[in-house]
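Please look over the structure below. The report that follows takes up its chain contact, its aromatic rings and some residues of interest.

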Amino acid sequence: MCGLLAQITVSHYLVVGAVLFVTGVLCMATKRNALGVLMGIELLLNGANVNFVAFGSKLLRADALGLDGQLIPLFVIVLAAAEAAVALAIALNFYNNHTTVDVDKAEELKG
Amino acid sequence: MFVDLSTIGLVWPEFILILIAAWIYVGGTLAPGRTTWNVLAWSTYLVVFLVMLKNERALWHDVAAGLVAINGPLIVDYLGQVSRYGCLLLGLLITMIASRAGAERLATEVSGTIMMLVAGLMLVCRANELVFLFVALELISVPTYVLLFLGRADRASGEATVKYFFLSLIASAMLLYGMSTLYGVADGTTVISGTAEVPGIRGALDRLPAGHTSLFLIGWVMVVCGLGFKIAAVPFHFYAPDVYEGTTNINAGLLAVAPKVAGILALIRLVLAVVPADAAWGWPLMWVLAMLTMTWGNVCALWQQNLRRLMAFSSVAHAGYMLIGFTVALVAPAAGGVGATLLYLTVYALAGLGVFAALAYLSDERHEVDGVAELAGLARSHPWVAGALAFCLFSLAGIPPLAGFWGKLALFTGAVRVVLAGDGGVSSWLLVLAVTGVLNAVIAAAYYLRVIGVMYFTAPVTRVAAPGGMGAMLGTLACTLLVLVLSVWPGLAFRMADAADPLLRQARPAVVAAWRMEASAAFAHDGDLAGRWQKGGD
């Protein structure tokens, strides 16, 4: 068990972060529901958060300094919450005008 | 990082702005009304500006002498100082222009949100830490979403808000992902330009082992992409025309200026600062971005009939010109490319805001001026507005001797100077860039002159009412006046922009841990620079 854990390095976490990020991009590209797109954004931000925590962890890297890597995700999580609050207002406004939250219906402005 | 009381002392203006903004939000619900709260907002900007001027005299003297100080997450230098005052002025102008924005009931929300945005802009000016920079940029983005949402309540506005919101969030996430990579590559430090004791990302990258370069490149490119969205560089510009068209003239003016100022400052602070001096891969990316951005923006603007779409493509093109300065700075840091970009940014921000202020003066929430044709005969019905609009458009087009011309001159001569001094390979690429820039300026003149021609040489179709109010009128005049000052007195702007170029600063070892250190005599006080500042600005 201990041997298995010892083999886990920063790179493994980076792969998790990258997979989260790519999943978020795919989610944003394919979802038509505005709230689904918002979930994709959460995945993007959390992909970056995983990177920060992995890079800043003393368990994974001997040369990690301080707690910065753990604190940055806290800031990002709070920001994501603030953005979600604004997103709900924007989605509600969109629903009032278009009677749907399908972002593919946002196609009238072009030229 | 190591936040102490001196850091709080450095950011008190931003604290005051956020407190007053919160007060405006709360007070606006208790005592609704436009005038009182607008006057409070205006006087806040003015009082903060004047008190900052009075309190920071010693600081001004230090930074004008070329001192660069790192204090916790802040970097205190000439660029940060000048741009903070500029951002306050920008806030005052935008609040003036938006004094009639939106419904009466929501008036306080608008002025409070603009104040939050200005606080974010001022924080970006001096950000020297990854998470500080990111949070400050979000303090600009989130109020922008709210302002777009408050702008108007129709289908087009809802669509524009949704588009801007989601695309801006992707850009922020890309920026954050790039920052996380930079953080990991640089030995787990979040400070961007560090001191001798705390090396910072820049210092850590110099000791980077060869295997890490690809990870660093990923981070760098993602940061450039995220910030490229903010300045609307091609290929991240596609939101701009739709969003500008869908929203109000006031919001379009805000979008044309605030994210661009923040994006350029963040590019200077983060992207330029973390490129190792001998990196050969930085400038080709910027070169491609600059070429694409200015050409695509100008060519697309040629056949636009909607004024805000036209101005959107023109703002894309102007971002392209500014990227010329970054390319020059990446090829030859001492060539003054960043100074030229800062000069151009100032000139563009004032003239662009002036155009949108004039359009806001001609509009209200019942009818926004949309089409170029609606301006027909404006010179006869509203000669002053037409004059101010034409003046700002001439400046954007770069007609000599207006301010826009001096900005373009600084950018193009910067590139040409490197060509003349440089070696074969790089200099021919820069020559191509400079020539394309000049050709683009010619293309741009076509569509600006078309708008001016419609205003002056076409008979009026419908009489344009001017319900925008005194605030928008004052804003228009103030922007025009500032452009005029920069036009007749470009030497002042040139000197200040040159002195603000942080790449020229880094040549000297003037990095200290606390800005009030009495040991400042030990640092290179450049008497010539101080003298220039005394002559130029005081």
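## Aromatic pairs

Two rings of Phe, Tyr or Trp count as a pair if their centres lie within 6.5 Å; for Trp, the six-membered ring is used. Planes under 30 degrees apart are called stacked, those over 60 edge-to-face, and the rest tilted. The model is predicted. Over all chains, the search of the whole structure finds 17 aromatic pairs.

One of these pairs is A:Phe21 with B:Tyr177. Its ring centres are 4.4 Å apart and its planes meet at 40°, so the pair is tilted. The pair crosses between chains. A:Phe21 sits in helix 2 (residues 10-30) of chain A, and B:Tyr177 in helix 8 of chain B. Are the two residues buried or exposed? Both A:Phe21 and B:Tyr177 are buried.

A:Phe52 and B:Tyr183 also form a tilted pair. Here the centres are 5.5 Å apart, with 50° between the planes. This pair crosses between chains too, from helix 3 (residues 34-56) of chain A, which holds A:Phe52, to helix 8 of chain B, which holds B:Tyr183. A:Phe52 has 1% relative accessibility and therefore counts as buried. B:Tyr183 has 0% and counts as buried as well.

Chain B also holds a ring cluster. Which residues do ring pairs link there? They are B:Tyr145, B:Tyr164, B:Phe165, B:Phe166, B:Phe229 and B:Tyr239.

## The contact between the chains

The size of an interface is often given as the accessible area lost when the parts come together. Between chain B and chain A, the buried area is about 3800 Å². Carbon and sulfur atoms give 72% of this area. Chain B brings 41 residues to the contact, and chain A brings 43 residues.

How many salt bridges are there between chain B and chain A? The count is one. A:Glu108 forms a salt bridge with B:Arg155, and the closest N and O atoms are 2.5 Å apart.

## The chain B side

Which helices of chain B each supply at least two residues of the side that touches chain A? They are helix 7 (130-151), helix 8 (155-185), helix 10 (213-230) and helix 11 (239-246). Helix 8 gives the most, with 21 residues. By type, the residues on this side of chain B divide into 24 nonpolar, eight polar and nine charged.

## B:Arg152 in its loop

B:Arg152 lies in the loop between helix 7 and helix 8 of chain B. Its relative accessibility is 16%, so B:Arg152 counts as buried; the cut-off for buried is under 20%.

The side chains of B:Arg152 and B:Asp154 are joined by a polar contact of 3.3 Å. Leaving aside residues up to four places away in sequence, B:Arg152 touches B:Ser157, B:Gly246, B:Thr247, B:Thr248, B:Arg308, B:Glu365 and B:Glu368.

## Backbone points to check

Two cis peptide bonds deserve a look. One joins B:Val234 and B:Pro235, with omega about 10°. B:Pro235 is in the loop between helix 10 and helix 11 of chain B. Another cis bond joins B:Pro400 and B:Pro401, with omega about 5°. B:Pro401 lies in the loop between helix 17 (383-397) and helix 18 (403-421) of chain B.

B:Ala232 has a phi of about 60°. B:Ala232 is found in the loop between helix 10 and helix 11 of chain B. Its relative accessible area is 3%, so B:Ala232 is buried. A:Thr99 has a positive phi near 50°. A:Thr99 is in the segment after helix 4 (68-98) of chain A. At 61% relative accessibility, A:Thr99 counts as exposed.

## A:Leu26 in helix 2

A:Leu26 is placed in helix 2 of chain A. Is A:Leu26 buried or exposed? Its relative accessibility is 52%, so A:Leu26 counts as exposed; the cut-off for exposed is over 50%.

A:Leu26 and A:Phe75 are 49 residues apart along the chain. Their C-alpha atoms are separated by 25 Å.

Note on methods: Residues numbered from 1 in each chain as written. Chains lettered and ligands numbered in written order. Predicted model: local features only at pLDDT ≥ 70, side-chain atom pairs only at ≥ 80, totals over all residues. Heavy atoms only, no water. Contact = heavy atoms within 4.5 Å. Buried area = accessible area lost by both parts, 1.4 Å probe. Salt bridge = Lys/Arg side-chain N within 4 Å of Asp/Glu carboxyl O. Helix = DSSP H or I, 4+ residues; strand = E, 2+ residues; numbered from the N terminus. Nonpolar A, V, L, I, M, F, W, Y, C, P; charged D, E, K, R; others polar. Buried < 20%, exposed > 50% of the residue type's maximum accessible area, 1.4 Å probe, protein only. Polar contact = N/O pair within 3.5 Å; in protein donor to acceptor, adjacent residues only side chain to side chain.
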